[in-house]
Amino acid sequence: MPPPVRTLGVACILLSAAYSGTKRKFRPRTVSERNRHSFPRAAVTASAFFDVEEDKGGPVHLKATVGDSLVLNCKLEFPNDVPIPYIMHWNKGGGTVFSWVDGQLAAEEPYKGRVSPAHDLPDGSFSGAVNLTSIRESDKGWYECRVHFPNRTPSTRLNGTWFFLDVDGGTLLATPPINVTTLEGETAHFSCVTKDRAHRVTWYKDGVPIPDIVELRQRSFVSADGSLTIAPTAMGDPGEYMCEVTDGSTRQQAAAHLDVQYKAKVMYSPREVQLPFGRAATLDCHFRANPPLTSLRWEKDGFLFDPYNVQGVFYRRNGSLYFNKVDETHRGRYTCTPFNDLGTEGPSPVIDVRVQRPPVFTITPHNMYLRRTGDSVAMPCDAVNGGDTERPLIVWFKKDGTPLPRSRITLEGGNLTLDNIVEADRGMYQCVASNGAATISVETELVLENTAPRPPYNLRAVSSTTSVTLTWLPGIERPETQHSVWFRISDSPQWHVLPDARELDPSAQYRQSDTPEWRTLRIGDTGSTEAMVAGLKAGREYEFMVLSQDEHGDGMFSKAIRVKTAGTSTVEEVPHEYRTSIGSFQQIGPPRNVTVRVTPDGFLVAWDPPAFGAEDLKHYLVRWARGAPDSGYLPTGSDVTTDLSYVIRYLEEDRLYSIFVLALNANDVEAASHPVSLYVPPYRSQRALPVGMAVGLALVAAAVAAAWYLRERQLRRLRARAEAGDVPVDAKQGNGKG
């Protein structure tokens with residue numbers, strides 16, 4: 001047993017914790033093999049904790065297993081709390097095993113590589129604690145921590161703390177591996193000595209068995225005692241190496257890390273780099289370095305290239321060159337040379353940097369090509385890089401995203417030839433030219449003669465209680481393409497298309513809503529891709545399709561979609577005994593007596609409250625749309641109000657509008673009034689007619705007055721000449737009669 005301990009100026013404790021004499025458990029700290037590089041601790045999965053026991057006034061008792069890590073903590077307490085120079089020794093068996101002198105932690109065998117400073121302060125100074133990793137059975141015993149103050153007299157007093165380390169010897173491992181740092185090309189050795197040579201040892205790298213790693217299998221071998229040797233090491237070898245020992249029934253693992261250091265080296269260098277003229281760009285140096293990069297030198301055309309002396313060029317943190325705005329002065333032959341603490345492997349191969357301007361089209365296709373099915377079409381396209389004669393990358397696409405038919409196309413330079421044209425070939429085509437500076441494109445359209453339009457697609461619907469708003473995408477965009485919406489109640493399985501469904505008279509397209517026959521709504525505006533179908537029943541399922549038409553005739557129908565209107569269906573009569581007051585499952589009545597009249601402020605829409613459900617009214621929704629009730633709507637505007645009137649401030653002149661009012665209750669159940677048609681006349685042209693007539697009359701009056709004035713002036717001249725005898729008598733008489 002050690003002698004009684006008296007503490008003078010130094011109090012040594014474990015893990016800087018205040019103990020109460022009871023047993024506690026702590027998780028070990030991380031190992032730092034060098035001051036600049038750190039590794040995770042060597043771990044043993046069988047026991048990840050060590051035990052600490054401390055008696056007041058007595059030594060600190062530690063307990064760990066083979067391969068574990070622990071911290072020996074001697075907290076420094078300087079006289080008067082003023083730091084002064086000191087020397088710290090850890091003694092075992094009458095000799096010093098590791099010590100802290102002049103800012104360096106030194107260790108003797110077999111502790112080399114397994115001891116590092118722990119609990120370092122933020123400023124990098126040492127706090128008096130050391131981390132002991134990869135514990136072995138031979139580490140068992142008494143340790144004494146002593147502190148010397150060389151500038152005080154006496155330098156050594158009766159101070160220090162005793163630690164007793166008890167190592168569990170019941171494990172399979174005798175000597176676990178420790179962290180290894182080596183240079184590339186040298187040998188790395190990991191110990192994994194078992195207590196019994198009959199135990200089986202398996203090595204893993206980052207969880208993968210080493211025999212399964214081809215690039216490592218040929219450079220490594222396992223000795224008879226279970227240790228692993230890698231010779232020579234390569235820059236890709238760093239990682240966690242774990243040995244697993246098993247005796248058939250028990251398994252134990254211990255891990256350590258390998259760090260392979262090498263000079264900074266360039267890994268990849270492109271022969272040529274194109275920088276876009278007038279834009280920002282980066283020139284990278286692809287390197288690897290361990291220890292980390294300390295500096296990187298660039299050269300241009302054989303001379304040092306310092307970005308600090310070149311306007312608009314900057315260093316990135318990784319050493320790359322950043323050009324704020326590329327110009328012709330940045331063209332040249334560049335090399336980069338990386339450095340770290342070990343030096344450099346040399347400069348990179350030459351990188352030929354060129355400044356590239358955006359491409360320019362020299363030949364473009366026509367805006368449109370008109371062909372028949374079975375014909376061929378040639379669409380020319382060519383471009384050059386701006387400032388030179390080199391050709392950029394030229395690619396053809398079909399704008400709708402469908403692939404080009406490879407069996408029927410020919411690409412020569414930038415020219416596209418399409419043979420044996422079929423229906424699916426019509427549409428918009430794009431010729432795209434691109435280089436490192438920019439991408440440009442030009443479009444052309446292939447139109448087929450006497451071909452009906454394609455069916456609309458991507459049909460979508462948004463429903464309310466009594467209306468459904470439809471949107472779609474046209475099969476092909478043509479100036480004179482029109483659409484019509486076909487719909488019916490889909491509750492009945494019968495299918496019947498009205499014989500007069502395509503007549504021009506829209507009123508002839510309607511049947512009762514309870515019949516399964518199709519109804520159509522024509523969209524008045526050419527090219528419109530939206531329509532609202534109103535007057536539907538609540539809680540019923542409807543089927544919708546859209547048909548496209550142009551001067552060539554009708555196209556194909558879009559895919560049908562089914563949409564159910566909101567609210568509760570009123571088809572079935574509810575028994576009297578189950579009827580209640582207006583509630584969450586009942587509807588509200590529609591607004592009544594909707595009227596529209598013109599006022600100085602706009603168009604005043606007025607109505608009466610619903611006949612039932614008004615007590616649960618939330619608000620009114622006023623909607624107005626272009627089109628007649630029987631020819632489809634083009635939604636224009638809507639607004640919410642709680643009053644019984646609303647003023648629409650502006651409507652386009654010479655347009656027919658349909659206006660209707662919806663009543664919504666607290667449960668968002670709505671009911672729509674019958675639409676009211678309103679024609680807004682062309683007030684401007686009507687006002688211009690009287691003004692034009694007035695102006696015309698004024699011009700006529702001015703012309704008459706001018707003619708009368710000229711006639712009177714001529715008569716006065718004739719009379720004057722007659723009196724002077726220049727005009728014959730008969731002329732005088734004639735003039736007198738006039």
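# A guided tour of the predicted model

Before selecting anything, consider the contact pattern of the protein: among contacts (heavy atoms within 4.5 Å) between residues at least 6 apart in sequence, 63% join residues at least 24 apart. This is a predicted model, in which local features need pLDDT of at least 70 and side-chain atom pairs count only at pLDDT 80 or more, while totals for chains, interfaces and linings use all residues. Residues are numbered from 1 along each chain as its sequence is written, and side-chain values use heavy atoms, with hydrogens and water left out.

**The whole chain.** Colour by secondary structure to display 3 helices and 55 strands; helices (H or I, at least four residues) and strands (E, at least two) are DSSP runs, numbered from the N terminus. Then switch to a surface: the protein exposes about 39700 Å², of which carbon and sulfur atoms supply 52%, with accessible areas taken from the Shrake-Rupley method with a 1.4 Å probe and, for residues, only the protein chains shown counting as cover. Of the 738 residues, 42% count as buried, where buried means under 20% relative accessible area, exposed over 50% and partly exposed in between (1.4 Å probe, protein chains only).

**The disulfides.** Select the cysteines next; a search of the whole structure finds 3 disulfides, a disulfide being a pair of cysteine sulfur atoms within 2.5 Å.

Begin with Cys-192 and Cys-243, whose S to S distance is 2.3 Å. The torsion about the S-S bond of Cys-192 and Cys-243 is about 80°, so this disulfide is right-handed. Cys-192 sits in the loop between strand S14 (188-190) and strand S15 (193-194), and Cys-243 belongs to strand S20 (residues 239-246), so the pair ties together parts that are 51 residues apart in sequence. Cys-192 and Cys-243 are both buried.

Move on to Cys-285 and Cys-336, which form a disulfide with sulfur atoms 2.0 Å apart; with 75° about the S-S bond, the link of Cys-285 and Cys-336 is right-handed. This pair links distant parts of the chain, with Cys-285 in the loop between strand S23 (281-283) and strand S24 (286-290) and Cys-336 in strand S29 (residues 332-340), 51 residues apart. Both Cys-285 and Cys-336 are buried.

Finish with Cys-381 and Cys-431, a disulfide whose sulfur atoms are 2.0 Å apart. Here the torsion about the S-S bond is about -85°, so the disulfide of Cys-381 and Cys-431 is left-handed. Cys-381 is in the loop between strand S33 (377-379) and strand S34 (382-385), and Cys-431 is in strand S38 (residues 427-434), so the pair ties together parts that are 50 residues apart in sequence. Cys-381 and Cys-431 are likewise both buried.

**The nonpolar cores.** Now select Trp-90, Phe-98 and Tyr-241, the residues with the most contacts inside the largest nonpolar core, which has 46 residues; a nonpolar core is a set of buried Ala, Val, Leu, Ile, Met, Phe, Trp, Tyr and Cys residues joined through side-chain atoms within 4.5 Å. Strand S21 (residues 251-268) gives the most to this core, with 4 residues. Centre the view on Tyr-241 and show its surroundings: leaving aside neighbours within four places in sequence, the contacts of Tyr-241 include Phe-190, Trp-203, Tyr-204, Leu-228 and Ala-254. A second, separate core of 19 residues can be reached by selecting Val-605, Trp-607, Val-661 and Ala-663, which are among its members.

**A three-stranded sheet.** Select S23, S28 and S27, which in that order form an open sheet of 3 strands with antiparallel pairing; two strands pair if DSSP finds at least two bridges between them. The edge strands are S23 and strand S27 (313-315), each of which pairs on one side only. On average, neighbouring strands of this sheet are turned by 25° against each other, direction ignored, where axes are lines fitted to C-alpha atoms, for helices over the stretch in contact, and angles run from 0 to 180 degrees between N-to-C directions. S27 is joined by 3 bridges to strand S28 (residues 321-323), and the two run antiparallel; in S28, Phe-323 is the bridge partner of Val-313.

**Two single residues.** From the sheet, go to His-330 in the loop between S28 and S29. His-330 is buried, with a relative accessible area of 5%, and, not counting residues up to four places away in sequence, His-330 touches Lys-300, Val-313, Phe-323, Lys-325, Val-353 and Val-355.

End at Gln-104, found in strand S7 (residues 104-107). At 47% relative accessibility, Gln-104 counts as partly exposed.
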